[in-house]
Structures are given as structure tokens and as C-alpha cells.
Amino acid sequence: MASPFSEATKSAGQLPPPMPEATARSDELARHVREEIANAGGSIDFARFMELALYAPGLGYYRGGMQKFGAQGDFVTAPELSPLFARCIAKQCQQVFRHLSNGDIVEVGAGSGVLAVTLLRELDAQQALPENYYILETSADLQQRQSDLIAQEIPDLLDRVHWLQTLPEDGIRGLVLANELLDAMPVHRFSVNEQGIQQLHVAWDDKDFVWHEKPANKTLHERVDPLDLAPGYTSEVNFHAEAWIKTMADCLKVGVMLVFDYGFPRAEFYHPQRRAGTLMCHYRHRNHPDPLLLIGLQDITAHIDFTAIAEAGVTNDLSLLGYTSQAAFLLSMGITEFASAADHTDRKQHIEIVQQVNKLTSPAEMGELYKVIALGREVDLTLDGFTLQDRRGRL
Ligand SMILES: C[S@@+](CC[C@H](N)C(=O)[O-])C[C@H]1O[C@@H](n2cnc3c(N)ncnc32)[C@H](O)[C@@H]1O
């Protein structure tokens with residue numbers, strides 16, 4: 001078959017060519033997707049395409065065993081960037097645990113495991129360890145990497161960490177944490193034309209994967225119609241993220257969910273000027289908007305409609321405890337005090353810390369685009385992370 005590096009690739013600019021082994025795996029995934037397209041009668045909806053591209057067993061981006069995080073991978077997340085991120089979260093955990101007289105932490109989508117390591121290390125130093133640190137991670141390859149990192153970095157705490165295959169039957173009491181999880185969930189893509197709302201599907205034209213339009217199904221139509229978008233508008237709806245909130249809400253007995261990701265309230269998400277939606281692909285630190293390329297080799301993400309997340313929480317009997325920017329959360333939790341307390345005699349380290357704080361909090365970097373939302377059950381608490389600024393009113 002045609003390599004995914006065909007003419008279409010050039011339209012996304014100069015992307016570095018993958019190694020032959022990666023190309024072979026991508027070709028195999030493409031064959032598998034083409035089969036599914038043929039069995040479905042010629043096209044599959046984009047959410048299914050994205051699900052296969054990211055999570056097809058053994059071949060999808062998050063299942064294929066490649067390096068994804070950090071300088072050698074495709075993108076850098078906040079916990080990868082700086083331990084200060086986890087230290088701020090640790091302080092927020094402590095407030096919740098004091099209120100609940102302890103509890104468990106459940107981290108969902110733990111990536112390389114670096115957040116778990118830094119968080120547990122900090123909570124240990126503060127003598128505030130959770131009873132258990134559960135990790136819910138769909139990728140077996142990443143589970144292994146997380147386990148290796150934790151065993152190497154904090155061997156004394158390894159017995160507190162448990163990988164769950166399903167949510168605990170007795171429910172969760174404590175804190176649920178997710179960083180950049182929801183943006184990696186498959187989204188439904190739509191466009192608006194003179195005939196109405198169209199659902200975007202993916203087909204195969206004998207050379208490349210191509211877009212195909214079909215009239216939107218009822219669920220998608222009901223969501224998009226009230227947005228009153230003009231013809232030519234394309235965007236996404238993340239029904240999987242909303243379903244995930246419901247699943248977690250059903251399991252959370254007492255405690256708080258803290259969800260970090262990039263995105264906006266609904267009015268900004270579907271702003272008339274955001275006509276091409278928010279879909280973005282990450283490949284070796286290059287960003288481009290074409291998810292049909294490099295199948296299985298690039299990350300595909302979409303921004304989060306935080307109004308939808310808040311609604312999903314409230315509909316499932318959670319209270320909306322806070323919503324703010326990453327910068328406001330980290331500054332509320334004392335990121336600058338953590339940074340000032342570091343050893344300033346080491347000049348190189350000092351410069352690195354200043355750069356990390358800048359990257360995490362500057363509005364030109366991650367500070368404004370990235371948000372945090374807190375949802376809770378039976379927790380009557382003003383969370384410290386939202387004291388400098390709480391934007392619940394904007395959702
Ligand atoms: C973009 S990465 C973020 C990783 C990490 N939280 C970080 O900030 O570096 C998304 C992670 O979520 C995992 N994931 C995706 N969908 C999931 C789901 N439904 N349940 C659990 N983990 C999931 C992926 O395998 C991956 O580890």
C-alpha cells in the first residue's frame with residue numbers, strides 16, 4: 001500500500017520521516033482501518049478513526065510502545081516539564097485529605113508515570129501519603145513504563161501504587177486526578193454547510209484517507225444545532241469525555257475530581273472565529289492540523305469544551321467546586337514560593353526553575369490556554385487552588 005508519507009504529507013509541511021519500523025507499523029494499522037472502513041460500507045465516523053489511530057491494540061499511537069513524552073517524543077506535558085506542577089497538586093491534595101481525614105488518589109491516564117512519582121515523593125515529604133495511589137491506564141505499554149519509573153525512583157512507595165483494570169467496586173473516597181486525559185479522547189467531528197449539520201467520516205480513496213460528509217445523527221444534531229454556527233464552520237464534540245465524567249461520578253463516593261487540560265468555556269470553544277475547530281496533531285514537537293496523516297505515529301488531540309464537562313458533572317450530581325486557568329491555580333497553590341525556596345546558589349538550576357515557572361504560568365505559554373476544573377461529591381470546601389481566581393461564572 002501507499003506509505004502514509006505520500007503527497008498528502010507534504011501539505012502538512014516538512015515532517016521528519018519516520019524510521020522504517022514505525023512506517024511498517026503505521027502501514028499495518030492503515031490496513032486494519034481500511035478493512036474496517038470497507039466492512040462499514042465505505043466510511044467510519046471520525047471518532048472511530050481517532051479511536052483506532054490512538055488506541056488500536058498493539059498498533060495505535062498510545063498502544064504501540066513508542067516514546068511519546070518529553071524531548072525524545074512528540075510533546076511535553078506539565079508534569080514532564082517541571083516537578084513544581086506536581087508539588088502544587090500535592091498541596092491541593094493535602095487540603096482535601098485533611099478535610100476527609102485521608103483517602104485514596106486515583107490518577108487516570110498517567111502517561112510516563114512522572115506525575116505519580118513527583119506527587120508521591122512530595123506527599124511523603126509532607127507526611128501526607130494517601131492510603132492508596134491507584135492508576136487507571138488503558139495502555140499496557142504505558143502501565144509497564146509507569147511501574148518501571150516508580151520502582152526506579154520511589155521503590156519504598158511502590159507497594160502503595162496499584163494499577164486498576166476497572167474502577168473499584170466499593171467506589172472512590174479521595175481524589176481523582178487527570179492531566180491531559182480528556183484531550184486524548186476520540187471526538188466527533190462535524191461541519192456545517194447549506195444542507196445543515198454534517199458528520200465528518202473518514203474514507204479511503206485508494207491512496208490516502210480522505211474526509212467524507214454524512215448528515216449528522218440525532219445526538220450530534222441536537223448538540224450542534226443550538227450553537228447556530230454559520231456554513232463553513234467545522235468543529236468537534238467530545239462525547240467520550242462527557243461519558244467519562246459520568247463513569248467517574250458514578251464511582252466517586254466522597255471527594256474531588258481535578259481535571260487539567262487545554263480548552264475553553266463553550267462560548268469561546270464555538271466562537272464564530274474558531275471556524276476550523278481545535279483538532280491538533282503532535283509529531284516530534286511539530287504541530288499540524290491533519291489527523292489523516294501518519295496514522296498511529298502522531299498524537300491527535302482536541303481542546304476541551306469545559307462547559308460540557310461542568311454540565312456532565314452537575315447532571316451526575318457532582319458539585320462544581322472551581323474552574324480557573326492553570327496559571328491561577330498554580331499561583332494560588334504557591335508555585336512562586338516553591339520556586340523561591342529552591343537552592344539559588346546553583347545558577348543553572350535557578351535559571352531552569354525560572355523557565356519552568358514561566359512556561360507553566362505565562363499567558364503566552366501554558367498559563368492561560370490550560371485550565372483546571374474541580375468537581376466534588378459531599379465535599380463542602382473552598383479549594384485553595386481557586387482562591388486567586390475562580391471562573392465558574394464563565395462556564
Ligand atoms: C496525553 S497523555 C497524558 C499523560 C499524562 N497524564 C501527562 O500529563 O503526561 C494521555 C494518557 O491517557 C491515557 N488514556 C487515554 N484514554 C484513557 C482512558 N479512557 N482511561 C485511562 N487512560 C486513558 C493514555 O494512554 C495516556 O497515558
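**Exercise 1.** In this predicted model, find which residues of helix α7 are buried and which are exposed, then work out how the buried ones are arranged around the helix axis.

*Solution.*
Step 1: Count neighbours, taking a residue as buried if 20 or more other C-beta atoms lie within 10 Å of its own. In α7, Leu 142, Arg 145, Gln 146 and Ile 150 are buried.
Step 2: Look down the axis of α7. The buried residues fall within an arc of 130°, so they line one face of the helix. Recall that an α-helix has 3.6 residues a turn, so residues three or four places apart point the same way.
Step 3: Turn to the other side of α7, where Asp 148 and Gln 152 are exposed.
Step 4: Identify the cover. The elements over the buried residues of α7 include α6 (114-125), β3 (133-136) and β4 (161-164).

**Exercise 2.** Compare the span of α7 from its first C-alpha to its last with the expected value.

*Solution.* Helix α7 covers residues 140-153, which is 14 residues. At 1.5 Å a residue, 20 Å is expected, and the helix reaches 20 Å, close to that value.

**Exercise 3.** Describe the two assigned domains and their contact.

*Solution.*
Step 1: The assignment gives domain 1 (20-71 + 185-239 + 271-301) and domain 2 (78-173 + 241-265 + 308-387).
Step 2: Over C-alpha atoms, their centres are 29 Å apart.
Step 3: Domain 1 brings 9 residues to the contact and domain 2 brings 12. The side of domain 1 that touches domain 2 has 5 nonpolar, 3 polar and 1 charged residues.

**Exercise 4.** Characterise the shell around the ligand.

*Solution.* The ligand is surrounded by 19 residues, with Thr 77, Gly 109, Gly 111, Ser 139 and Asn 179 the closest. By class, the shell has 10 nonpolar, 6 polar and 3 charged residues. Domain 1 and domain 2 each supply at least three residues to the shell.

Notes:
Residues are numbered from 1 along each chain as its sequence is written. This is a predicted model: local features need pLDDT of at least 70, side-chain atom pairs count only at pLDDT 80 or more; totals for chains, interfaces and linings use all residues. A residue is near a molecule or strand if its C-beta atom, placed from the backbone, lies within 6 Å of it. Ala, Val, Leu, Ile, Met, Phe, Trp, Tyr, Cys and Pro count as nonpolar, Asp, Glu, Lys and Arg as charged, and the others, Gly among them, as polar. Domain bounds come from an automatic or database domain assignment. Helices (H or I, at least four residues) and strands (E, at least two) are DSSP runs, numbered from the N terminus. The expected span of a helix is 1.5 Å times one less than its number of residues. A residue is buried if 20 or more other C-beta atoms lie within 10 Å of its own, exposed if 12 or fewer, and partly exposed in between; C-beta atoms are placed from the backbone. The arc is that of the directions from the helix axis to the C-beta atoms. Two residues are in contact if their C-beta atoms, placed from the backbone, lie within 7 Å.
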